Amino acid sequence: MRKNHISYLKNTFLPCVASGFAVGIIVGTAVFFFKWVADFLTTNSAAIYGYVHAHPLFIPLLFLGLAALAVMEFFLQTFTLESRGGGIPRSVGVVRGVLSFRWLRSAVGAVFNSFFSFFAGLPLGTEGSSVLIGTALGKGVSELPLARRDFSKYTMTGGASAGFAVATGAPLAGVVFALEEMHRKVAPTMLLAVVSSVLSASLVSALLNHALGGSAGPLFELPSEVPVTLVLSQIWILLFAGLFTGFAAVAFCRLLDFLTKFYSRHHAQKVRFWRILILFLVVGAVGLVLNDALYGGHGLIENVLSMQFGIGMLFAIFFTRFLLIAFASSDGASGGLFIPMLSLGALVGGITVKLCGAMGMDPAFNALVVIVCTVSFMGAATRSPVTAIILSVEATWQFTNLFYVAVSVFIAYFIMSMFRTESAYESMLKSMVKRQYRGKVCRSAEAEVVVGENCFAVGKPVSDILFSVNLIPRRTLTAEREEEVFPGRERSLRVGDKIVFTAVSYEFEEAEKELVNYFGKQEITWKEN
């Protein structure tokens, strides 16, 4: 028993925590400065739009600049294909093993392509790019001289969660994000890597913020204290909030899915160039007449919380952003969908407040309704209700409204499920996989693997190992008697145990590398089904 504890400490706990903290420090620093530059570019972009709006003679110069940004983004995306589209679905695909990427190119491409998008005013946020940067740097850390490559999926997951936590200021939501969105399971070793990465990244971000004179605060500043309770006669508000955000999320995901599939059928380079150029020019035209419809949406959410818009303006901004976000994301522009989706939820919340106010709702509940709709839309559109509920606490520093948030989130989630609508991220991920393996044939095969001495898998149950989603363990046979280990009797793997895998893949070379990485060097024979 003592030998097993020492082995676990030496081969799992210490390497996992050490690599997690290293990833967190690197990702926390990188994402902090990435956000700092992004905020600088966004602020100056808004100032330029305001100046050109007041001085129309400069309009041709504005559109010339936007065209130049579109050209630079197109050519940089051609060089770094991994930076195209949303950072979160890309990261999820890489960590699940269905997408490949070159980590350094991905990090560099995500940074500079996002800067072009933000400076142009595209309605995309920093969080998706931050997650991709974290995933790429997590992969890079696993390739350092003293690092262990068999921990690469764990360091990538930790880096993605750390990037999410720093970008949103929500460390607990960052941990749950890894469990609910990235892997959709709980594995002790993964949780160890994620928690250590998120904690160190959040600490580094807080220290850098303090050193540069920043102030600590929630992601969204509320105009006033949110009421603690809803009276029984006002519970109907939650039903409206959930229904409105649910139907809006269904419409958004359906539009995004349609555009993504349409663009995937017209993927010629010339066509994609003109799409990006037109997108940037359209964003410029919108920026001159309705600047609130641009950018990530953080400031917009706080303005909606403060009730600064009438219902007509809310509808105008909502429909404009609704279309721009869908077109920008499906067209492959670099940036994140997370905060933009929150902003769409906030706008639905603002409209809900106006409608419910006309029906007799107490104005004291205005901010609560907006917050509820904000996270409900995100929870439904990403099909991540638990992450949404936790985010409502961490993003506002309000700890008393979880029940109301949960009710609305699950009503919106039910609407998404009732219409059998794919989440925004899954739709984009499918398009990325199709684009990467275009022209290749997906095959199915089986292989038997033996647990080698001193390999990564020794001492871990099968469920604790992060296999790619297309690599499925079917049977586990003990080394002693070759008895099959059933899921209900799962035990830690020992040297000599045999596992039969089914791989459904376009390229079995990647699956073979993963198996050798976890179980030790050996000859693997595939038998196609």
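**Exercise 1.** Determine which residues lie nearest the centre of the second largest cavity, and which elements line this cavity.

*Solution.* Step 1. The second largest cavity has 12 lining residues, and nearest its centre are Ile 371, Ser 392, Thr 396, Gln 398 and Asn 401. A cavity is a set of points on a 1 Å grid over the protein atoms alone where a 1.4 Å probe fits but cannot get out, and lining residues have an atom within 4 Å of a point. The model is predicted: local features need pLDDT of at least 70, side-chain atom pairs count only at pLDDT 80 or more, and totals for chains, interfaces and linings use all residues. Residues are numbered from 1 along each chain as its sequence is written, and side-chain values use heavy atoms, with hydrogens and water left out.

Step 1. Two or more lining residues come from each of helix H14 (366–381), helix H15 (385–394) and helix H16 (402–418). Helices are DSSP runs of H or I with at least four residues, strands are runs of E with at least two, and both are numbered from the N terminus. H14 contributes the most to this lining, namely 3 residues.

**Exercise 2.** Describe the largest cavity and the classes of residue in its lining.

Step 1. Of the 17 residues that line the largest cavity, Arg 84, Ser 330, Gly 332, Ser 431 and Arg 435 are nearest its centre. Helix H9 (236–264), helix H10 (269–289), helix H12 (311–330) and helix H17 (424–436) each supply two or more lining residues. H17 has the largest share, with 4 residues.

Step 2. By class, the lining of the largest cavity holds 3 nonpolar, 8 polar and 6 charged residues.

**Exercise 3.** Identify the element that gives the most to the lining of the largest pocket.

*Solution.* Step 1. A pocket is an open set of points with protein on both sides within 12 Å along at least five of seven lines. The largest pocket has a volume of about 1400 Å³.

Step 1. Its lining consists of 48 residues, and Lys 35, Asp 39, Ala 167, Leu 219 and His 298 lie nearest the centre of the pocket. Helix H1 (2–54), helix H5 (126–142), H6, H8 and helix H11 (298–305) give two or more residues each.

Step 2. H1 gives the most, with 8 residues. The lining of the largest pocket divides into 22 nonpolar, 19 polar and 7 charged residues.

**Exercise 4.** Characterise the second largest pocket by its lining.

*Solution.* Step 1. The second largest pocket has a volume of about 850 Å³. Among its 33 lining residues, Gly 97, Lys 153, Ser 468, Glu 510 and Glu 514 lie nearest the centre.

Step 1. Two or more lining residues come from each of H5, H6, H17, strand S3 (498–505) and helix H18 (508–519). H18 provides the largest share, 6 residues.

Step 2. The lining of the second largest pocket contains 14 nonpolar, 8 polar and 11 charged residues.

Conventions
Ala, Val, Leu, Ile, Met, Phe, Trp, Tyr, Cys and Pro count as nonpolar, Asp, Glu, Lys and Arg as charged, and the others, Gly among them, as polar. Grid points are joined across faces, edges and corners, and a volume is the space filled by probe spheres set on the points.
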